[in-house]
Amino acid sequence: MWWQWLLQHIQRNGFYMSIEKANAYTFSCLEYLGRELDPLLTRLVVEKGVMSHLDDQRKRKVELSRYNPRDVQLQLRMLTEPVGTPERKHPFEPDSSRTVGTYAQDLRIFRNKKMHGRDMNRNDAVRIYDSAARLFEAL
């Protein structure tokens, strides 16, 4: 997969990576997440009305058509917050271990840092790719 090559490339080049490269790698990973999570999550959003259920819980009324299905913030929110029925609050979890939610929360933190202007370093770039890879494996 593409992320394995990038991790090897980063590891081969030692500990130094410019802030610009780390930011670029982080941003490209977030774009990839938005694109690749879309097909996995769209079906549940449309078929089961997951986002409308979440908005009802928060006492908000927003039309489902206002959500961008490739918005990483929204996708990670769906994976980390309880959006299902009371019997199965986390519909994306294959079991009760909350593995998907853990990796998604890690990615959510990085997404928030990046979108709020924080610079990333080499360790952040490696970690975001590792968390993304583990998230896809868990899904």
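The protein has six helices and zero strands, and the model you are looking at is a predicted one. Here are a few exercises to work through with the structure open.

**Exercise 1. The overall layout**

Task: In what order do the elements run from the N terminus, and what percentage of the residues count as buried?

Solution: Next, look at burial, where 42% of the 139 residues count as buried. Finally, consider the contacts with a separation of 6 or more: residues 24 or more positions apart account for 69% of them.

**Exercise 2. A pair of helices**

Task: Describe how α4 packs with α5, beginning with the angle and ending with the residues in contact.

Solution: Take the geometry to begin with. Helix α4 (residues 72-80) packs with helix α5 (residues 99-115) at an angle of about 150 degrees, and their axes are 8 Å apart. The crossing of α4 past α5 is left-handed. Now list the contacts: α4 brings Val 72, Gln 73, Leu 76, Arg 77, Leu 79 and Thr 80, which meet Val 100, Gly 101, Ala 104, Gln 105, Leu 107, Arg 108 and Arg 111 in α5. Sorted by class, this contact holds six nonpolar, four polar and three charged residues.

**Exercise 3. A closer look at α5**

Task: Which residues of α5 are buried, and how far does the helix reach?

Solution: With 17 residues, α5 reaches 24 Å from its first C-alpha to its last, close to the 24 Å expected at 1.5 Å a residue. Its buried residues are Val 100, Gly 101, Ala 104, Asp 106, Leu 107, Arg 108, Phe 110, Arg 111 and Lys 114. Just after the helix, Gly 117 takes a positive phi of about 85 degrees.

**Exercise 4. One tyrosine**

Task: Why does Tyr 32 count as buried?

Solution: Locate Tyr 32 in helix α2. Its relative accessibility is 14%, and the cut-off for buried is under 20%. Tyr 32 therefore counts as buried.

How values were computed. Residues are numbered from 1 along each chain as its sequence is written. This is a predicted model: local features need pLDDT of at least 70, side-chain atom pairs count only at pLDDT 80 or more; totals for chains, interfaces and linings use all residues. Side-chain values use heavy atoms; hydrogens and water are left out. Axes are lines fitted to C-alpha atoms, for helices over the stretch in contact, and angles run from 0 to 180 degrees between N-to-C directions. Helices (H or I, at least four residues) and strands (E, at least two) are DSSP runs, numbered from the N terminus. A crossing is left-handed if the near helix is turned anticlockwise from the far one by less than a right angle, and right-handed if clockwise. Contact means heavy atoms within 4.5 Å. Ala, Val, Leu, Ile, Met, Phe, Trp, Tyr, Cys and Pro count as nonpolar, Asp, Glu, Lys and Arg as charged, and the others, Gly among them, as polar. Buried means under 20% relative accessible area, exposed over 50%, partly exposed in between (1.4 Å probe, protein chains only). The expected span of a helix is 1.5 Å times one less than its number of residues.
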